[in-house]
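Biologist: I'd like a close look at one part of this model, so let me put it up for us both.

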Amino acid sequence: MTLWLMAGLLFTPLAWAVLTLLTDFSRGRLVTWGGILVQVLVSLGLWLTVARDGGFHYGLGGWQAPLGIELRVDGLAVTFVLLTAVVASACGLHAGVYIDPDKPWHRYFWPLFWFLWSGLNVVWLGGDLFNLYVGLELISLSAVGLVALGGKANALRASLRYLLAALLGSLVYLLGVALMYGQFGTLSIAGVVSWLGVHPVPAGSGLALALMVTGLALKTALFPLHRWLPPAHGIARSPVSALLSALVVKASFYMAARLWLELGEPLGNLAAAQLVGLLGSAAVVWGSWLACRQPQLKQVVAYSSVAQIGYLFLLFPLTYSVSESVSLQAQQGITLQVISHALAKAAMFLAAGNLILSAGSNRVDALTGVSRFLPFSLFSFGLAGVSLMSLPPTGGFAAKWLLLQASLGSGQWWWILVMLIGGLLSAAYVFRIYRASFLESAGPDRFYHPARSLEVIPMILALLALGLGLASDQVLSVMALPFEEGGSP
Amino acid sequence: MMSPASVLALLAVALPLLYPAMALNAGWVRAMRFALPLLPLPALVLAVGADPGWQLELPWLLNGGLWAMDELRRLFLLLTAVLWTVAGIYAAGYLKAHHLRRFCVFWGLTLAGNLGLTVAVDIGSFYSLFALMTFAGYGLVVHEGTDEATHAGRVYLIMAVLGEMAILAGLLLASVAADSQMLADLPRAIAGSPRRDLIIALLIAGFGVKAGLPLLHFWLPLAHPVAPTPASAVLSGAMIKAGLLGWLVTLPFGEAALPGWGALMIVAGAVGAIGAAVLGVRQQQPKTVLAYSSISQMGLIVLMVGAAMADSERAPVLFSIIALYALHHGLAKGSLFLSAGITLPSGAMRRAAVWLLIALPGLSLAGLPFTSGALAKLAMKESLLEERLEFAVAGYLSPLMVAGAVATLLLVLRYLWTLNGKIETGRNPPMLVTGWLASVGVSLVAFWWMPWEVEGLVKSPEWLPAGYQLWALAWPMLIAVALAAVALLASRLVRQRSLQ
Amino acid sequence: MTLNAWIPVFALMTSLIASLVIFALPEKGYRLRTWVNLGAALVKLSLVVVMVWGVFQGVEYGLSFTMVPGVTFVLKADALSMMFAGLSAVLWLLTTIYAVGYLEDSPNRSRFFGFFSLCVASTMGIALAGNLFTFFLFYEMLTLSTYPLVVHRGTEKALRAGRTYVIYTLTGGAVLLLAIAWLHGVAGDLPFREGGHFMDADPDIHRSLILIFILLVAGLGVKAAIFPLHGWLPQAMVAPAPVSALLHAVAVVKAGAFGIVRVVYDIYGVEASSALGVLEPLAWLAAFTILYGSFRALSQTDLKRRLAFSTVSQVSYIILGISLFGPVAAAGGLVHLLHQGIMKITLFFCAGNYAETLGIHRIDEMDGAGRRMPGTSVAFTIGAFGMIGAPPLAGFITKWTMGSGALAANMDWVIVVLLSSSLLNAAYFLPVMHRLWFREPAGSWPEERHWGRLETSAWLFWPPLLTAVMTVMVGVLASLPFSPLSWAELIALREYSP
């Protein structure tokens with residue numbers, strides 16, 4: 001059973017990527033629907049398996065580490081797999097309607113979409129540094145391709161910039177990986193940890209970790225390395241932006257977080273942890289501030305991503321040399337933040353896409369009167385905004401609560417201020433959009449009304465983000481499941 | 001099972017309280033006009049027919065309600081009901097169609113408050129009904145809508161609100177001290193409270209606004225002339241007595257001798273009695289003169305209140321005399337006010353008769369023998385004899401009373417004089433005349449059958465006055481007449497001088 | 001789980017579901033929307049009645065589950081929550097009726113009623129919340145759901161007001177969150193409990209507790225419009241009348257005041273608060289706000305703004321009442337939670353009626369309106385006299401009870417505050433009464449509309465009259481069982497002898 005699930009999970013995306021390469025956009029859409037169904041079922045099945053039996057190591061094709069491809073199927077990973085399935089299928093379904101099938105280059109959307117998905121799954125499950133790298137590259141390249149689908153000159157410019165940033169990030173990361181291999185002779189994270197268990201920490205190994213984290217931070221667009229993100233996310237088609245913001249940046253962060261949690265304690269130091277936290281805080285404040293000042297709707301959302309990503313990096317200081325329980329709180333908080341931001345941001349980008357489609361303009365002021373004629377899309381946008389403002393009962397709030405508790409518990413009260421200020425600033429940019437849309441304009445309905453299916457999808461995502469807060473304990477309990485070392489068939 | 005008296009008591013308050021609902025239908029305005037005299041009837045029946053002692057428990061009301069009637073309250077209730085009845089008859093003839101419904105609404109509410117507060121024994125309903133009377137009374141004062149009326153209304157309202165606040169504070173302090181919501185428990189608690197003087201001051205001042213205590217009286221001479229005549233009558237005859245009743249039921253009479261407060265009240269009463277006369281004789285408007293007369297008369301009553309405060313032994317006796325005086329003054333003053341609105345018939349005999357009927361209640365105020373005034377004045381004089389009272393300023397009371405009597409008659413003469421200048425000849429609406437005649441009749445005749453009880457006084461005009469008493473009553477009146485004559489001559493002289 | 005666990009959830013859900021249904025209804029579905037609104041309001045009211053009876057009998061209603069690790073989501077019905085829930089259920093029904101009439105033929109009704117129901121659901125949640133965390137959850141939901149109502153008109157002015165509102169309330173919310181999180185860190189997950197939790201708190205955490213208390217009050221004080229955090233309230237007056245009515249009478253300001261009651265009584269415990277020395281400063285602050293609000297109200301020329309400052313003043317009565325140490329004063333403060341709601345909603349309904357029927361917004365336009373609109377004006381008069389504290393109306397019961405309590409607690413200065421406030425109330429309400437009844441109208445009304453037999457639309461006419469009758473009734477019948485006063489005394493008794 002597990003074999004089938006794993007195989008389905010990893011190979012259907014690749015198979016569908018190849019399949020859709022052969023079709024045009026409309027037929028690709030039909031094919032994709034089937035693929036989405038398979039993926040969702042498989043992801044759900046895997047999640048249920050893990051939720052019932054606990055996690056396990058999985059050697060792909062029967063080969064065990066250190067030779068083969070080693071997968072780590074734990075509660076966290078399957079949760080993210082499921083999240084990916086939800087968000088990606090939502091974006092895929094939305095894109096099927098949203099993207100104009102007549103432009104010839106749009107037929108490449110589906111293969112890129114599937115490559116991206118398979119890359120994501122690899123990253124969530126990957127157990128060794130090199131596999132993770134491969135998955136990450138797969139993601140980066142397909143993401144760049146997706147951005148370039150925007151077609152116009154500035155879309156190409158943005159995607160080029162994205163590509164450069166991604167490559168630079170990969171290089172730095174690879175450098176770190178190479179150093180690591182030189183020192184420990186293994187690429188498996190578990191292997192490094194067990195090596196460190198018996199040997200003293202070699203000098204300079206902190207550098208390897210720092211390089212890897214830096215590379216990944218660049219890919220995650222951590223302040224001040226965020227400059228590539230807003231143009232890319234802003235210019236891409238809305239479902240693409242949703243994918244990028246919701247999942248792609250999370251992949252590189254996920255890797256950084258795993259590295260830090262496994263290796264941070266032996267290899268890292270306090271200053272570094274605080275520095276990362278500080279950069280994250282700067283991202284929160286600066287990103288939100290810029291989001292308040294953007295004239296274009298999607299730029300607002302894109303800068304909001306920069307800010308929200310900043311929160312994620314609070315993981316570093318809040319897990320370094322603190323008590324077990326505080327560290328757990330921080331990890332739980334960050335996990336919730338990843339999930340809720342993924343759901344909310346996807347919802348927001350998709351809703352923003354609908355609004356832009358209706359208003360015929362990307363500008364915030366073009367929204368005047370929209371609440372009267374397009375309440376539904378606006379409502380999805382608004383609900384997603386609630387999660388971004390981390391107001392209760394959303395997942396964003398649950399995340400913030402846990403991070404607050406972790407900050408209090410570790411005595412690092414300064415992060416509290418960051419979170420409070422960040423929350424207020426995010427309210428400022430979210431309410432800016434509300435405000436614009438509530439302005440009454442005289443005159444009749446001049447808006448284009450998008451198809452109902454386009455409107456429903458972001459609403460579902462936004463409701464999920466909202467409900468996450470209420471169910472966060474259940475979600476997090478899967479993470480806490482016993483992990484069966486050694487693997488199972 | 002509720003006794004008939006308590007049903008009647010509920011009805012007495014509920015009827016005028018609900019009567020304003022008639023205003024919802026514009027077609028009932030005529031019915032409203034003629035219902036005015038009927039409103040106090042249940043109260044009248046209650047006051048005349050029911051013996052004191054009944055109780056009505058209303059546990060759901062405010063902080064637990066209790067209505068009851070004792071001898072004191074019975075007299076006040078009678079006064080209130082009678083006066084509002086005759087004024088109601090008068091009003092039915094007096095009122096013009098303009099804003100009639102509004103006037104009737106406020107009439108009903110004020111009446112409900114005034115009647116209710118006399119039977120309320122718990123603090124909550126007493127204060128509620130008192131406030132209802134106060135605030136609804138504003139509607140009567142400003143009814144005419146002239147600038148003077150508005151101004152008078154503003155002064156009335158400001159002082160009334162301040163008074164209400166003082167009362168509220170006083171009652172609150174007293175109620176907490178007594179740990180009770182009943183008025184009857186207050187005097188003892190106040191007497192024993194460490195905040196005794198504060199509470200007394202608040203209550204004296206608060207009720208004093210209504211009772212026209214000097215320096216708290218400013219609204220009276222403003223409000224009376226501008227209010228419609230029947231309203232002035234009840235304002236001066238009945239509502240002013242509500243303040244007095246407030247004192248009587250809350251202040252610690254008979255619980256502790258308070259010579260300081262007594263002296264203060266006596267001073268205040270003296271200032272009121274004489275000062276109001278000094279100001280009043282210089283007024284041009286008949287109703288303003290009457291307003292000052294009311295202040296002056298209340299000053300005399302305040303003398304007795306002061307004496308009762310100072311001498312706790314004599315308080316019960318003084319109470320019955322105060323009640324008698326209040327009854328007498330209310331009826332007479334009501335009648336005088338009502339006479340301010342009538343016109344004279346054309347025949348000389350009839351004119352003389354009307355003048356006589358106008359003047360008689362006035363002279364009664366001054367203590368004309370064979371009137372209620374003579375009775376009241378003598379009783380007062382009797383009770384305030386120096387040798388019977390035991391406190392420092394008791395010796396000044398007799399001369400003060402004489403001065404008060406002089407002042408009273410001077411004001412009445414001044415009233416007649418100014419009225420003579422204003423009164424017109426013409427026909428009166430029949431209801432108006434009926435109301436006025438009824439008021440005169442009540443003041444001069446029916447008074448003798450009313451249930452006042454004073455030790456040593458008999459309910460019959462024949463008893464009065466014995467020779468020595470005649471003189472006691474007459475000489476202040478003679479002084480007043482002489483003074484008035486001098487004043488008249490003087491003014492003639494001055495006028496002739498200026499003509500030359 | 002038993003049915004009793006679910007009744008609070010149902011009560012919450014009625015308006016939540018109504019809101020979702022209304023959002024889904026098309027703008028033109030006027031009749032259906034009205035029915036959904038009224039039906040949900042009635043169902044909620046009956047559920048609340050059931051719970052009130054049950055709580056009186058000592059039945060436990062409630063459910064809880066872990067929401068975020070370490071914190072539980074608790075819904076619970078106790079005497080205090082029933083007070084607030086009852087208020088919101090009754091006034092929601094009336095306000096819905098009123099709003100249907102008020103918004104006749106105006107755009108965006110679907111949106112309005114959707115958020116309106118959401119707002120009531122939040123209020124219900126606030127009432128039934130069983131710990132601070134759950135309270136906060138609904139508290140913020142309230143902020144969000146009222147924003148669209150405040151800016152409903154969509155004018156520049158409305159949006160500006162909405163902005164101020166949001167800045168104030170979200171900042172307050174952030175401070176509150178900080179305080180709650182801190183408290184959670186210090187003492188763990190604390191359910192609301194009569195008598196509180198800190199009766200014998202470790203002296204080491206006293207300092208933290210005091211600081212947390214200050215933060216809590218600051219956070220809650222924004223909605224309760226305590227000076228100097230009241231600035232949003234008068235501005236929010238641009239909202240449609242039913243919204244102002246709801247904001248002032250039930251939802252927003254009361255949520256703040258209710259929160260403070262919860263903190264003092266059910267988290268800290270009144271004795272512990274008193275021992276920590278935080279009650280007396282709170283009382284002074286409340287007293288100052290009472291006088292300040294009244295002073296500001298004096299100089300307002302716009303009717304609704306005058307009412308707004310009156311609210312600033314009146315809400316602090318609640319806080320003053322609970323911060324005086326003693327059961328009688330507590331009952332006085334608590335009962336004002338209801339009394340102020342009933343009276344203020346009457347006044348706002350009436351203000352709305354004047355605006356809708358005659359186009360009157362400023363006080364100097366009100367001359368003679370009593371003759372044109374006697375029903376509304378009678379209601380307004382009753383409401384205003386209630387505010388002044390004239391007996392036997394609702395406000396008098398508050399003042400009398402609170403005054404008695406203050407004297408019993410040996411805080412005589414409170415009497416001065418109460419009386420001065422009454423005087424100021426009289427000073428700004430009585431002139432309005434005078435204009436209504438005793439001035440002649442200036443000619444034509446700014447913008448008159450006719451409805452036939454009644455002075456205004458029947459939807460607008462009856463709600464203020466009903467609340468006016470209630471203003472009289474809760475005062476006159478204060479000693480009946482289940483009257484607000486009796487209920488408040490019950491709560492105070494349970495708090496002071498847990």
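Predicted model: local features only at pLDDT ≥ 70, side-chain atom pairs only at ≥ 80, totals over all residues.

Modeller: As for polar contacts between chain A and chain C, the count is four residue pairs, with both residues at pLDDT 80 or more.

Looking at the side of chain A that touches chain C, five helices each put in at least two residues: helix 15 (370–373), helix 16 (375–388), helix 17 (395–410), helix 18 (414–438) and helix 19 (452–479). Sort the residues on that side by type and you get 23 nonpolar, six polar and five charged.

Zooming out, 34 residues from chain A and 37 residues from chain C take part in the contact. Together the two chains bury about 3,200 Å², with 76% of that on carbon and sulfur atoms. A:Arg435 turns up again here: along with A:Trp401 and A:Phe438, it supplies 23% of the area that chain A buries against chain C, more than any other three residues.

How does this fit into the whole assembly? Two pairs of chains are in contact, and chains A and C share the most contacts. Chain A and chain B, on the other hand, have no contact joining them, and their closest C-alpha atoms are 42 Å apart.

Notes. Residues numbered from 1 in each chain as written. Chains lettered and ligands numbered in written order. Heavy atoms only, no water. Contact = heavy atoms within 4.5 Å. Buried area = accessible area lost by both parts, 1.4 Å probe. Polar contact = N/O pair within 3.5 Å; in protein donor to acceptor, adjacent residues only side chain to side chain. Helix = DSSP H or I, 4+ residues; strand = E, 2+ residues; numbered from the N terminus. Nonpolar A, V, L, I, M, F, W, Y, C, P; charged D, E, K, R; others polar.
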